[in-house]
Amino acid sequence: MNSDGNRPEQDTARLASADETLLITGASGFVGRRVVTALLSRGYRRLRCLTRHNRTPAGLQAALEPFPNANVEVLAGNLLDPAYCRRAARGVAVVYHLAAGIDKTFPGCILNSVVTTRNLLDAIVNDGGVRRFVNVSSFAVYSNERIRWGGVLDESCMVDTKVADRHDPYAYGKARQDDVVEEYGRGRGLPFVIVRPGIVIGPGKARIPGRVGIDTFGVFLHLGGGSRMPFTYVDNCADAIALAGLIPGIDGEVFNIVDDDLPRSREYLREYKRRVRRIASIPVPYSAFMAFSYLWEKYSKYSEGQLPPVFNRRICEIYFKGHRYSNAKAKTLLGWTPRVTMREGLERTFAASRQTGRDS
Amino acid sequence: MIKAAIVGCGKMADQHVAQLRRIPDAAIVGVCDVEPIMAKQLHERGAAGAWFTAVGDMIRATRPDVVHVTTPPQSHFELGTLVLNSGCHAYIEKPFTLTAAEAEELVALATRVGRHVTPGHNALFTHAMVEMRRLVATGFLGGPPTHVESMYCYELGADPYASAVLGDGAHWVRRLPGSLLQNIISHGVSRIAEYLADDRPIVKAHGFTSPALRASGERGLIDEARVIIADRAGTTTAYFTFSTSMKPVPHQLRLYGPKRSLLVDDDHQIVIRLENHEYKSYYRYFIPPLGFAGQHLKNLARNVARFARNDFHMPFDAGLKRLIEAFYRTISTGAPPPIPYRDVLLTARIMDDIFAQIAETPQDAASAPALPSCTEMRAVSRMPARCLRT
């Protein structure tokens, strides 16, 4: 047992020992702080946590509190600053890169997802000691054009090469971020793993995920009610990310992270209404939304962007094609299993959302 | 056909590309950013031409007529100089330069080399502002404005740009001489400069950190400014307000004329005429509201008609397109520049004065608003004392 009462992982070979430094970018984020907890719980004592904030955010502070004897260095700064990246990368064994650009614009997402990643990779490659770079990406980078209705979306599926057409800056930024990581893997020998979580749920995410539908003009348009939601509970997701940095022999692999027993969209919404709050919703059939998306797309072009093409046929298909999702690869190669069941994860999420609603 | 190139491939560049695509006589021939990833992404997402990481290379390879400078303001002067010296016209995003001295030098250079330059004050060209200018040109006010009130406010809360500035102590915005104010207020100040007769007006500025920002632990960032501006001849006075604490966040201009006045609500693209009718007895409480209702309906009809013609777009985008088109007309036909150089320089001087005075404000005073004394205000505005009493 270590001084915090946690047992270091000694059962199997790990890429890093408990005394080596692990770097976590985006450490104060929704998933980032749970990755910090996941690593500390596994007995890793030396963490370097990067955050944009000058003061340690409350969420990260809370994550660190149960581990008073851990050696956690919180470095505030911006990954756009190469000197900061060099300081961050110095002497680390494993990097968990969770920092991402959440922005409504393409340049904002590129700057804060891709340029930052490239800066960090430059620093890491120059430092030379990193044994694994875990790039946290997203399901959003996949194209479902060639997946049949109801087909399985897994790691073998095609990454979207025309992601800009979807008018989804976040997905575009993440796709380019993956490209940069793979480039450094090929050209500069970077040992990397890519983790692509589905939709991460948990306390702190109070709103209904965008994949369920569109909340607009006081009514919720429910899209693709029969589709399964690629949810992963935040603690499960953090476990998978933590393992992706520690398991040897998986360099260059991509892992999709979704939990078991995924609910259908309509099941989720029904439970949300029952457990969190009543909302008016209208189920929109595929043909209606496809026609609407088509017209919107055409009008956007015709009007020279007077309405941006936020609704388009590509997006429509993501809502409706009713894919199934596989986590077999993560289970097999990472030895990961979701320790919080979907039922329990949803219950915790709904309880927190209900509380947030009361507080506000 | 005007060949356009863009240097600086951030968010503003996206907006320029979108509007340039709507202009039939314009073609983008190149985009440039010192960061290759940024240059490449803009090119990849549909900006025609080629991408570069050095402005000189781009100008040599593509020979543009005009270069749009959409980089952070610290590089505007240097890039503007390079562009003009290369024989291109320059559209430089706001704030035009860091100081009035730089602005004067850039305008002088443009004149010397026979090229045109314009700052990106697109807020002067929204639908409502154009309508207001048309009314002023018809003599609606009954003479030069006696007083101008420009409110140009900002919401710090939800905007990713604001979070970036607030979360990063070394953000480039913080390194501007006027910090956050400098990156935003030129839109509001330029609306006043247009109506001042004096090239060296009196400026009295007071700046402070808003209570909300102070509560978040922020000390160094001034996000509130109240400014009094006055012609030395006493023809026109102005108030300028910048605030991050007002809801809804106003972007308004009021022109008070000797006979009538105008209100421009840029947030809703509304122009309201304030007539000078006298109504007897209780009529004044019934007739004018009807008139205002009618005016609001007309504004609604105008906005809807524009939208139906695909000519509305978001007001600042529409303003950007209009300014670019007017600037290109200047280039191709020798028409007067859309923003007279005199107004460009006056805006820069007023901003210099504002930042200098706010910088001189002691930190303690900066954290709590204190208005200038009545004597000071009278001296500034040369208004009769009765006008200043509350």
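Colleague: How do you know how confident the predictor is in chain B?

Modeller: This is a predicted model, and chain B averages a pLDDT of 91. The scale runs from 0 to 100, and 91% of the residues of chain B score at least 70. For the model, ipTM is 0.89 and pTM is 0.89.

Colleague: Where in chain B does pLDDT stay under 50?

Modeller: That is the case over residues 370-390 of chain B, for which the model has 22 contacts beyond four places in sequence. Where pLDDT is low, the predicted coordinates should not be read in detail.

Colleague: What makes the radius of gyration of chain B agree with that of a compact globule?

Modeller: The globule rule takes 2.2 Å times the number of residues to the power 0.38. With 390 residues, the rule gives a value near 21 Å; chain B has 22 Å, and therefore the two agree. Along its principal axes, the C-alpha trace of chain B spans about 70 × 50 × 40 Å.

Colleague: What share of chain B is called buried, and why is that word used?

Modeller: A residue is called buried because 20 or more other C-beta atoms lie within 10 Å of its own. Of the 390 residues of chain B, 44% count as buried.

Colleague: Which residues touch the most other members of the largest nonpolar core?

Modeller: They are Ile6(B), Val31(B), Cys32(B) and Ile229(B), in a core of 118 residues. Helix H13 of chain B, residues 341-360, gives the largest share of this core, with 9 residues. At least three residues come from each of domain 1 and domain 2 of chain B.

Colleague: Why is the set that includes Leu22(A) called a second core?

Modeller: A nonpolar core is a set of buried residues of the listed nonpolar kinds, joined through C-beta atoms within 7 Å. The second core is separate and has 78 residues, including Leu22(A), Ala93(A), Leu121(A) and Ile257(A).

Colleague: What are the domains of chain B, and how far apart are their centres?

Modeller: The domain assignment gives domain 1 (2-119) and domain 2 (125-318 + 347-381). Taken over C-alpha atoms, 28 Å separate the centres of domain 1 and domain 2 of chain B. Their contact takes 14 residues from domain 1 and 12 residues from domain 2.

Colleague: Which elements give two or more residues to the side of domain 1 of chain B that touches domain 2?

Modeller: They are helix H1 (11-21) and helix H5 (100-113) of chain B. The largest share of that side, 3 residues, comes from H1(B). By class, the side has 8 nonpolar, 5 polar and 1 charged residues.

Terms used
Residues numbered from 1 in each chain as written. Chains lettered and ligands numbered in written order. Predicted model: local features only at pLDDT ≥ 70, side-chain atom pairs only at ≥ 80, totals over all residues. Buried ≥ 20, exposed ≤ 12 C-beta atoms within 10 Å, placed from the backbone. Helix = DSSP H or I, 4+ residues; strand = E, 2+ residues; numbered from the N terminus. Domains from an automatic or database assignment. Contact = placed C-beta atoms within 7 Å. Nonpolar A, V, L, I, M, F, W, Y, C, P; charged D, E, K, R; others polar.
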